[in-house]
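Hi,

Here is the structure I promised to pass on to you. Have a look at it first, and then read on for what I found.

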Amino acid sequence: MVVAASNIVIHRAAELWHVTSPVAFPASSGTIRRGRLGERFRFEALSNVGLAIDETTGRILGAGDFHQIKARHEGAKVVDHGDGVILPGFVDAHLHFPQLDTMGSHGKHLIQWLETFIFPAEASFSDAAVAGETAGRFTKELAANGVTTSVVFSSVHPIAAEVLFSAFEASGLRGVVGKTSMDVNAPAAVLLDWRADIEAQEILIKKWHGRHGRLYYAVTPRFVLTSSNDQMKALADLHARHPDTFVQTHISECEGELKSVAQAFPEARDYLSIYEDYGLINDRTLLGHGIWLTESERERVAGHGASVVHCPTSNSFLGSGLLDLKKTCDAGIEVALGSDIGAGTSLSPWATMLEAYKIQAQRSQPLEPESLLYLATLAGAEALHMDGDIGSLDPGKLADFQVISFARKPILHERVTRTRSPAERLFATMVHGDDRILKRLYVAGRCLHDA
Ligand code: GUN
Ligand code: ZN
């Protein structure tokens, strides 16, 4: 069928890569299953491609051979990206806004690193000017790295979350933001009494949660060591009052943390049970790290439908441990990918994917490039229940995509001349890719970044 319309734009490029969404394919073709890696999803690579978008709705009409797509949409505008490769926008499912400028703080394990570098840095986010200036750079960095959706811990200060939401609104990016909650076990400058904390979050939720269909709120206890019993109960009540908010926190990141948790909660069955008992674990919960979860905890995380966010550059940097991705996925847990800056060392999902590869290689379980792309795109969308709209470039989804060019990095450009398949080019891009290779970034068909 030929569709004549002036509101249609066709993006032309040399290639298109994505991991397709299960909703777009009949079960019989189906290689994808939630919470499982490997051959169970479908990597699709197209060459000399056209991606047709309805500019009015911001949704994808279809992708395929450019000439066929052009013939199908007579009169459509064409944006020619030349040698570009089109990919879905990345989903960074765990990172810390007030740690943008503390990446690379040297040489401590988690708890000492938090106390020495992170709490003092986060304390400065009580100042609206500091938070505002940083928020502008933060969203710019996300866009420059091809990240269209991110799930972010702000500081404890209500004003910092407010200015971060404003920066996301102005940027056009999608964002899930949480004001971090802490009321014990840290310097006063990064604590907030639980009553004032809840009051501030009610205001943030009312103003921002669901705004433009792009901005959402996450209830965000930092971790069990920095919230009182009263605060945890109040946060669970807050989430129960607003059940479509998300919950994000940290769990079982390193052995030192496990020891402190066992000391602080001698009655607890295990780490997960502390969150479970408050009612904070459900299918809208994103758990950072989860490296040291026991088999029973993994089973229960899967049973709740909660996700684990793997943050490989952070884990390598702090020496936290090597996540067993296979066991985690085989338990049925959905795993997404996060940069976790500032323990993480790069905002580039290319670097995050490469580090995820290296960590599994250490475990003699090297991941396929397609699995890594899945983790950085569709898996994050699934963890957020946004896979009906984003995460892949299937017809009907919102056009959140990026265009990269190998030519922007000579060593990558040369390397890809020696590849024989899209998957090989994808993997080479994980090794050499960074913000230099991004040409353009689109959210719902709208260009937000033109490098
Ligand atoms: N656990 C509690 N807070 C943090 C944090 O800011 N970063 C990391 N990596 N782990 C945490
Ligand atoms: Zn974190």
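D387 counts as buried because 23 C-beta neighbours lie inside 10 Å of it, where 20 or more are needed for that label. Please keep in mind that this is a predicted model. In the chain, D387 sits in the loop that links α14 (378–383) to β15 (401–404). I also looked at D387 together with V443: 56 residues separate the two in sequence, and their C-alpha atoms are 15 Å apart in space.

The overall dimensions fit a compact globule, because a chain of 451 residues would then have a radius of gyration near 22 Å, and the protein has 21 Å. Along the principal axes, the C-alpha atoms fill a box of roughly 65 × 45 × 40 Å. The protein has 16 helices and 17 strands. If you take the contacts between residues at least 6 apart in sequence, 76% of them join residues at least 24 apart.

Now to the part that may interest you for your own work: which residues surround ligand 1? They are H96, L110, L114, I118, R222, F223, H250, E253, S314, D340 and A343. Sorted by class, this shell has five nonpolar, three polar and three charged residues. Helix α2 (residues 110–123) gives the most to the shell, with three residues.

Happy to talk it through whenever you like.

Best wishes

Technical notes. Residues are numbered from 1 along each chain as its sequence is written. Chains are lettered from A and ligands numbered from 1 in the order in which they are written. This is a predicted model: local features need pLDDT of at least 70, side-chain atom pairs count only at pLDDT 80 or more; totals for chains, interfaces and linings use all residues. A residue is near a molecule or strand if its C-beta atom, placed from the backbone, lies within 6 Å of it. Helices (H or I, at least four residues) and strands (E, at least two) are DSSP runs, numbered from the N terminus. Ala, Val, Leu, Ile, Met, Phe, Trp, Tyr, Cys and Pro count as nonpolar, Asp, Glu, Lys and Arg as charged, and the others, Gly among them, as polar. The radius of gyration is taken over C-alpha atoms; the globule rule is 2.2 Å times the number of residues to the power 0.38. Two residues are in contact if their C-beta atoms, placed from the backbone, lie within 7 Å. A residue is buried if 20 or more other C-beta atoms lie within 10 Å of its own, exposed if 12 or fewer, and partly exposed in between; C-beta atoms are placed from the backbone.
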